[in-house]
Each structure stands twice: as C-alpha cells, then as structure tokens.
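Dear colleague,

Please find the structure below, together with its sequence. My notes on what was found in it follow directly after.

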Amino acid sequence: MSATDNTPLWEVFVRARRGLSHTHVGSLHAPDAELALHNARDLYTRRQEGVSIWVVPAAAITASSPDEKDAFFDPAADKVYRHPTFYEVPDGVAHL
Amino acid sequence: MTGPFDFALALGDDALVAAQRLGEWTSRGPEMEEDVALANIALDQLGAARLLLTYAGELEGAGRDEDALAYLRGDREFRNCLLVELPNGDFAVTMAKLLLLSAYQLPLYAALAGCADERLAAIGAKARKESAYHRDHAALWVRRLGDGTAESHRRMQAAVDQVWPYAHELFAPWPGAPVDPATLRGDFDAYVGPVLAEATLTRPADGWAPAGGRDGLHTEHLSYLLAEMQVLHRAHPGAKW
C-alpha cells in the first residue's frame with residue numbers, strides 16, 4: 001500500500017490577516033483533517049504567514065478543465081458591454 | 001539540588017536532551033510532513049534549552065555560557081530526567097515519550113509563568129504555548145495509533161508500557177524550587193488519563209519508578225547521545241557556522 005492510500009492530498013488556504021480572505025498556498029498529505037491542519041501549521045505558517053488556516057480535501061474540489069478553456073472563458077473576451085466603462089453616464093444623473 | 005541554578009539547569013537539560021533525541025528523526029520521519037513537525041518540536045525544545053541554560057549560567061556566576069553548559073559537561077553533570085534520554089524506539093515510543101514529557105512541561109511552564117523569578121516567568125510564558133502544541137500533537141498520534149489497526153494498537157500499548165515508569169521521576173518533590181514538580185502530577189494525570197482511554201489503551205500500573213537523572217545518575221544511553229552532540233565542539237572549541 002502506498003503512502004497516498006493512507007494519506008490523501010489536502011489543499012491549504014491561509015488568511016494572512018483579519019479582513020483578508022483565505023488564499024490558496026499549497027497542498028500536503030495527511031491521513032485526516034486534524035492532522036492536515038497540524039501539518040499545514042508546520043509547513044505554511046512557520047514565519048507568521050497567517051492567523052487562520054483552512055484545509056480542504058483535494059478530491060472535494062471540482063475544477064474547470066484546461067481543455068474547456070476556450071468554451072469557458074473566450075466568449076467573455078468580446079463582450080465589452082459587461083464592463084461598466086462601456087456605458088456613458090447621461091448628463092444630469094447624480095450620485096452615480 | 002536546591003538552588004535556582006539547579007532548577008534552571010534541570011529544566012534546560014530536559015529540553016536540550018529532548019531536542020537532540022527528536023532531531024534524530026530528521027530525514028527519517030514516517031512522512032515528509034511529520035518530519036517537519038518533529039523538527040519544529042525539536043527546535044522549540046532547543047530554544048527553551050538555550051534560554052534556561054543561559055540563565056543557569058548567569059545564576060551560577062562562574063562564567064559558563066549556554067555552550068559551556070551544553071558541550072563541556074560529562075553525563076554525570078547533566079540533570080535531565082531519564083525519560084528524555086531514552087532511545088527514540090519506533091514512532092509509537094517517540095510519541096509516548098513526547099506525550100509524557102509535554103504533559104509535564106505544559107503545567108510546569110504555565111506555573112513558572114506566574115512565579116516570582118522574572119526571568120523564569122518570561123521563559124515559562126514563551127514555552128507554554130509551544131508545549132501546548134507538542135502535547136496536542138503527541139495526543140493526536142497516540143489516539144490514532146492506539147485506536148487504529150491491531151498492529152498500531154499493539155505497538156502503541158507496548159510504547160506506553162515501556163516509558164510509563166519514567167514518568168514518576170518527573171514529579172519527584174522538590175521543596176523550595178520555584179515550582180515544586182510534585183504539585184503538577186494532578187494536571188498530568190487529568191490530561192494523560194483521558195487520552196489513553198480515548199486511544200483504547202490501558203494505563204499501566206504504577207510500580208517500578210526509575211530515577212536518578214536529577215542527581216546525575218543516568219542510563220547508559222545519555223553518554224552516547226552526548227558524545228554525538230558534543231564531538232564537534234570538543235574537537236574544535238568555539239567552532240561557528
């Protein structure tokens with residue numbers, strides 16, 4: 001049995017300061033959530049990088065596929081009207 | 001063993017020898033993440049050892065600094081408890097040792113943080129947070145191995161049985177010390193008992209209680225550990241990185 005059978009992959013998110021959101025910092029192997037949290041503390045917050053840690057089973061993440069990149073993201077490229085700067089503000093509109 | 005020098009020396013030697021033993025795991029951990037965790041804990045112990053031995057040297061007033069105390073004493077001059085000098089054994093033995101040590105160090109440092117000696121109080125305040133993590137980490141593994149597979153349960157129980165007798169020395173009365181270790185036994189039992197129960201492990205019966213570390217009478221293992229730890233400094237006095 002390989003080590004990865006017992007110790008699945010976890011993705012680690014760290015919040016650097018109060019008020020900021022958690023940011024993905026990397027991944028690690030651990031047999032369960034509590035140990036994943038311990039390992040994340042030892043691996044990713046050694047130099048005061050954070051005040052809060054999330055660990056998420058990597059298997060629980062559904063990711064977009066690079067193969068679908070064109071279908072997913074390219075259609076947004078020519079839709080300039082989705083940006084607020086596309087619209088001219090009519091004269092006389094206050095508080096906008 | 002009466003004065004504050006002996007007390008600081010004993011605590012510093014506990015931490016120093018524990019650090020040296022835990023450091024032996026580096027590059028040999030069961031997985032890379034645990035390797036880093038053990039090295040972190042070793043470095044915490046080393047940090048506490050440096051503060052305590054530096055202070056011991058000042059209390060002694062004979063001009064010995066932390067390096068002189070760490071590298072230029074023989075085993076009979078070391079005052080650490082026997083528990084920390086025992087070989088690492090397998091991972092279960094290492095975790096059993098760490099559980100007993102940290103369940104002793106945490107209430108000790110917490111009590112020190114409130115003692116009258118300002119230097120010891122500052123060291124206690126810093127080290128107690130680290131000890132809390134060490135205890136948490138050890139308990140986490142003891143629970144998982146004890147309540148794991150039949151094989152992990154067997155080896156965890158054997159590990160606890162093996163090191164349990166060495167816990168008693170930690171709480172030998174020390175009247176007049178800044179913190180009398182005998183007063184910490186209740187905290188120790190209140191934490192370790194439920195951890196063992198949750199791990200489906202049997203708390204060993206109290207019987208044989210080896211001691212002598214605080215008087216410089218050690219197991220055969222300490223001199224080998226010191227030989228490896230001290231060889232560089234003794235061959236090249238004052239060597240620096």
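Between chain A and chain B, 9 residue pairs are in polar contact, both residues being at pLDDT 80 or more. A polar contact here is a pair of N or O atoms within 3.5 Å; within protein, one must be able to donate a hydrogen and the other to accept it, and residues adjacent in sequence count only if both atoms are side-chain atoms. The side of chain A that touches chain B draws at least two residues from each of strand E2 (23–29) and helix H2 (33–44) of chain A. H2(A) gives the largest share of that side, with 7 residues. Sorted by class, the side of chain A that touches chain B holds 4 nonpolar, 4 polar and 5 charged residues. In this sorting Ala, Val, Leu, Ile, Met, Phe, Trp, Tyr, Cys and Pro count as nonpolar, Asp, Glu, Lys and Arg as charged, and the others, Gly among them, as polar. Helices (H or I, at least four residues) and strands (E, at least two) are DSSP runs, numbered from the N terminus.

This is a predicted model, in which local features need pLDDT of at least 70 and side-chain atom pairs count only at pLDDT 80 or more, while totals for chains, interfaces and linings use all residues. Residues are numbered from 1 along each chain as its sequence is written, chains are lettered from A and ligands numbered from 1 in the order in which they are written, and side-chain values use heavy atoms, with hydrogens and water left out.

As to confidence, pLDDT is the predictor's confidence in each residue, from 0 to 100. Chain A has a mean pLDDT of 89, and 95% of its residues reach 70 or more. Within chain A, confidence is lowest in helix H1 (residues 3–6), with a mean of 65, and highest in strand E3 (residues 52–57), at 97.

The interface also has a size. In all, 13 residues of chain A are in contact (heavy atoms within 4.5 Å) with 12 residues of chain B. The two chains bury about 1,200 Å² between them, 48% of it on carbon and sulfur atoms; buried area is the accessible area (1.4 Å probe) that two parts lose on being put together, summed over both. Leu35(A), His38(A) and Asp42(A) supply 39% of the area that chain A buries against chain B, more than any other three residues.

Turning to charge pairs, a salt bridge is a side-chain nitrogen of Lys or Arg within 4 Å of a carboxyl oxygen of Asp or Glu. The whole structure holds 19 salt bridges over all chains, and 3 are found across the interface of chain A and chain B. One joins Asp32(A) to Arg144(B) (2.4 Å, N to O). Both residues belong to a network of salt bridges that links Asp32(A), Glu34(A), Arg143(B), Arg144(B) and Glu198(B).

Within chain B, Arg119(B) forms a salt bridge with Glu58(B), with the closest N and O atoms 2.8 Å apart. Arg119(B) lies in helix H6 (residues 118–146) and Glu58(B) in helix H2 (residues 32–60) of chain B, so the pair ties together parts that are 61 residues apart in sequence. Arg119(B) is partly exposed at 34% relative accessibility, and Glu58(B) is partly exposed at 46%. Buried means under 20% relative accessible area, exposed over 50%, and partly exposed in between (1.4 Å probe, protein chains only).

Kind regards
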